[in-house]
Amino acid sequence: MNFSRRMCLSALCLAAAFPVAGVAQAGDFPQRPITIVVPTAPGGGNDAMARILAQRMGEELKQTIVVENKPGANGAIASMHVARAKPDGYTLLFGYIATHAISPAMQKLNYDPVKDFAPIGDVASSPTLLVVNNDLPVKSVDELIAYAKDPANQVNYASAGNGTAPHAAGALFNMATGAKMMAIPYKGSNPAMMDTISGTTQVMFPSLFSAAPHIRSGNVKGLAVAGERRTDVFKDLPTLKELGVDVSVDQWYAIFAPAGTPPEIVQVLNKALNTSLNDPEVTEKFTAQGAFVQTSTPEGLGQRVEQDLEKWKSVVKHMGLDAEQ
């Protein structure tokens, strides 16, 4: 056997003995703590859901999962951080409709919601509500519209940041009704809700998950559901469409990894995610707060992102929305 042939055979043996790094890592994954990056401030719906999942998925994967909040730039800071992270499954994004559909449709960002991420799976959905400060002198949507149209009144609506679902819902509400509410962006739904409760802002379109405890406690008044159907959590709240206002913004949440994450690791994470979401205790915690568990394949989530992104691009173009409204 000549020297060159012996070298080739040796190389083949070494390749067989030492598999490709990504595949080898996938077989042992995870070997150290995983981080789920949340693009909003602590205390909001995204943060609460991420922490419920982190505990249960950590049990499933037999590894610690840490939740890290990176609010700012309307979710872009967290999204870019994960998009640029090493694609090894140890840095994940708790993404949602804002980071992967509405905000990218409204403005140019330094990340691509499709090309820069490997979808892991859906988490949940939650309808958007219309809530108002208790001191605002309105008791119905019609009264709010009339009040907000009056030039003598200054009405501000809080959002979790420009390009988020609460921001888009408020902008669409203004366009559909002729109301003149001014958008006030915050770094997450929790600080936005706190200022709506205090009266610094008067109106908000939070997710049901974020709004439910504050409606129950009487901190804010719920006027309507800005979604396709009424919710069992507050059965008496009509939808805006029932009231003649064509605004519907349902929010969804999902887990993403950086693009290039090995398929084997994506499957491990998807299985752990879906198993955790099917745990009755997790489902109960989500449902009690108005978030409804959804599971999917990575491919299913990828299709959702592409379809929703195109939908919101169409809405933005048709309605003339932008990140500053």
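**Cavities, pockets and helix packing**

Tutor: The largest cavity holds about 80 Å³ of space, and please keep in mind throughout that this is a predicted model.

Student: How many cavities of 30 Å³ or more turn up in the whole structure?

Tutor: The search of the whole structure finds 1 cavity of 30 Å³ or more.

Student: Which residues are closest to the centre of the largest cavity?

Tutor: The lining of the largest cavity has 13 residues, and those closest to its centre are Asn-46, Ala-160, Pro-166, Ser-189 and Gln-251. As for the elements involved, α3 and β10 (250-258) are the ones that give two or more residues to this lining.

Student: And how does that lining divide by class?

Tutor: The lining of the largest cavity divides into 6 nonpolar and 7 polar residues, with no charged ones.

Student: What about the second largest pocket, which residues line it?

Tutor: The second largest pocket, with a volume of about 170 Å³, is lined by Ser-125, Ser-126, Pro-127, Glu-228, Arg-229, Arg-230, Thr-231, Asp-232, Asp-250 and Phe-292. Strand β4 (residues 117-127) provides the largest share of that lining, 3 residues, and the classes come to 2 nonpolar, 3 polar and 5 charged residues.

Student: Switching to helices, at what angle do α3 and α11 cross?

Tutor: The axes of helix α3 (residues 45-61) and helix α11 (residues 280-288) cross at roughly 175 degrees and come within 11 Å of each other. Because of that angle, α3 counts as roughly antiparallel to α11.

Student: Which side chains are we talking about, or rather, which residues make the contact?

Tutor: From α3 the contact is made by Met-49, Ile-52, Leu-53 and Arg-56, and from α11 by Val-282, Lys-285 and Phe-286. These residues divide into 5 nonpolar, no polar and 2 charged.

Student: And α3 with α10, at what angle do they pack?

Tutor: Helix α10 (residues 263-277) packs with α3 at an angle of about 120 degrees, and their axes are 9 Å apart; α3 and α10 are therefore oblique to each other. Their crossing is right-handed. On the α3 side, Leu-53, Arg-56, Met-57, Glu-60 and Leu-61 take part, and they meet Val-268, Leu-269, Ala-272, Leu-273, Thr-275, Ser-276 and Leu-277 in α10. The contact of α3 with α10 has 8 nonpolar, 2 polar and 2 charged residues.

Student: Last pair, α8 and α9: how do their axes cross?

Tutor: The axes of helix α8 (residues 189-198) and helix α9 (residues 208-216) cross at roughly 30 degrees and come within 11 Å, which means that α8 is roughly parallel to α9. The crossing of α8 and α9 is right-handed. Ser-189, Met-193, Met-194 and Ile-197 of α8 make the contact with Ser-210, Ala-211 and His-214 of α9, and these contact residues divide into 4 nonpolar, 3 polar and no charged.

Methods: Residues numbered from 1 in each chain as written. Predicted model: local features only at pLDDT ≥ 70, side-chain atom pairs only at ≥ 80, totals over all residues. Heavy atoms only, no water. Axes fitted to C-alpha atoms, helices over the stretch in contact; angles between N-to-C directions. Helix = DSSP H or I, 4+ residues; strand = E, 2+ residues; numbered from the N terminus. Parallel < 35°, antiparallel > 145°, perpendicular 65-115°, else oblique. Left-handed = near helix turned anticlockwise from the far one by under 90°. Contact = heavy atoms within 4.5 Å. Nonpolar A, V, L, I, M, F, W, Y, C, P; charged D, E, K, R; others polar. 1 Å grid on protein atoms, 1.4 Å probe; cavity = no way out; pocket = protein on both sides within 12 Å on 5 of 7 lines; lining within 4 Å. Points joined across faces, edges and corners; volume = space filled by probe spheres on them.
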